[in-house]
Amino acid sequence: MNKGVIARYRGRLPVSDKTPVVTLCEGSTPLLRADLLAAAVGLREGSVYLKLEGMNPTGSFKDRGMTLAVSKALEEGSQGVVCASTGNTAASAAAYAARAGLRCIIFIPKAGVAVGKIAQALMHGSELVEVRGNFDKAMTVSLSRAAELGFTVVNSVNPYRIEGQKTAAFEVAEDLGAPPELLFLPVGNAGNITAYWKGFCELGGRRPRLMGYQAAGAAPLVLGRDVEDPKTVASAIRIGKPLSRAGALAARDQSAGLIDSVTDAEIIAAYRLLAKAEGVFCEPASAASVAGLLKCRREKVPLSGRIVCVLTGHGLKDPQTPMRFKYRPFKER
Ligand code: AN7
């Protein structure tokens, strides 16, 4: 039975017998073979896999880090948690705080958070503050309010978030029997790429090249400078000043990987391909990983060995984006 990532990886996480474990049985997510995608990039069957992080309890990878961050906040006697979020961190913090009996205060950008994530934050009883401006503004406001309140910040500046999220690397390596050659993932605040790298390093042995993808209109790590007004259809990664910049660049350089960008059109094409060809509905930001893989193919980047694309969040988080497209009506044939 899956009892959550703290139970599964207790020996590799900063917890003790005294840590009250707040879990929703996150982690142990599927690693799905994607043979049609493999064919689309010219590889043989069994070489491309999708890590379905949308199968976590609140529908995103954030739950791995949140179980640890909220458990430690409770252990340390915190009265509440605070975060800024493009939505998924908010939904996850709200759920784990509810379970822990802690207050949860959330700062979100006024425009552009997917509706499913707001529904989750509200249902779990968090106190939602809409900040005029983008995520980066919400982050600034959130940090100063948290300090005033004396509450725990559960953004990925909280080291327990990264500790929890590194468990995804352990699972991928266990499921494949070894780490993959290449691991593709979307990059926003860059906590996740930092966490995967930490996880693979702790495992020892051969480490994958980490291939991180930002949206072209929100690509500070590709441009090498902050983006004042980030723009992309992938609202989860609409971030101009990533918190874990240093971790991301270290992961890129030490793994001989790269951090590149994909356009909104490339993200949407991958998003639709995954749903239609593989039967996997992820949210737009998540499809940036697969858009990155397809871009590598187009640009003739050598692809070999086993490849994992991380799909960070579930498609139902954002039920509005699919309504923009045209669909084929029923026809006799
Ligand atoms: C689906 O919830 O930043 O590079 O505030 O929701 O670790 O930031 C979400 C980020 C990728 C990027 N995919 O991960 C937030 C938030 C999805 C996401 C990312 C996010 P990081």
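Predicted model: local features only at pLDDT ≥ 70, side-chain atom pairs only at ≥ 80, totals over all residues.

Visitor: Okay, how is the chain divided into domains?

Guide: The chain is split into domain 1, which covers 5-60 + 160-321, and domain 2, which covers 62-158. The C-alpha centres of domain 1 and domain 2 are 22 Å apart.

Visitor: And how many residues are in contact between the two?

Guide: On the domain 1 side there are 50 residues in contact, and they meet 39 residues of domain 2.

Visitor: How much area do domain 1 and domain 2 bury between them?

Guide: The size of an interface is often given as the accessible area lost when the parts come together. Here domain 1 and domain 2 bury about 3500 Å² between them, and 54% of that area is on carbon and sulfur atoms. Within domain 1, the residues that lose the most area to domain 2 are Val22, Tyr160 and Arg161, which together account for 26% of what that side buries.

Visitor: Which residues is Tyr160 in contact with?

Guide: If we leave aside the neighbours within four places in sequence, Tyr160 is in contact with Pro14, Gly65, Leu68, Ala69, Lys72 and Glu76.

Visitor: Switching to helices, at what angle do α3 and α4 cross?

Guide: Two packed helices are described by the angle between their axes and the distance between the axes. For helix α3 (residues 62-75) and helix α4 (residues 88-100), the axes come within 9 Å and cross at roughly 40°, and α3 and α4 are therefore oblique to each other. The crossing of α3 and α4 is right-handed.

Visitor: Which residues of α3 and α4 meet there?

Guide: From α3 there are Lys62, Asp63, Met66, Thr67, Val70 and Leu74, and they meet Asn88, Thr89, Ser92, Ala93, Tyr96, Ala97 and Ala100 of α4. Sorted by class, the residues of this contact of α3 with α4 are seven nonpolar, four polar and two charged.

Visitor: What about α8 and α9, how do they pack?

Guide: Helix α8 (residues 167-176) and helix α9 (residues 191-203) pack at an angle of about 55° with their axes 7 Å apart, so α8 and α9 are oblique to each other. The crossing of α8 and α9 is right-handed. The residues that make the contact are Ala168, Ala169, Phe170, Val172 and Ala173 of α8, together with Tyr196, Gly199, Phe200, Glu202 and Leu203 of α9. By class, the contact of α8 with α9 has eight nonpolar residues, one polar and one charged.

Visitor: And is the crossing of α9 with α11 left-handed or right-handed?

Guide: α9 passes α11 in a left-handed crossing. In this contact, Ile193, Thr194 and Trp197 come from α9, while Gly247, Ala248, Ala250, Ala251 and Gln254 come from α11. The residues of the contact of α9 with α11 are five nonpolar, three polar and no charged.

Terms used: Residues numbered from 1 in each chain as written. Heavy atoms only, no water. Axes fitted to C-alpha atoms, helices over the stretch in contact; angles between N-to-C directions. Helix = DSSP H or I, 4+ residues; strand = E, 2+ residues; numbered from the N terminus. Parallel < 35°, antiparallel > 145°, perpendicular 65-115°, else oblique. Left-handed = near helix turned anticlockwise from the far one by under 90°. Contact = heavy atoms within 4.5 Å. Nonpolar A, V, L, I, M, F, W, Y, C, P; charged D, E, K, R; others polar. Domains from an automatic or database assignment. Buried area = accessible area lost by both parts, 1.4 Å probe.
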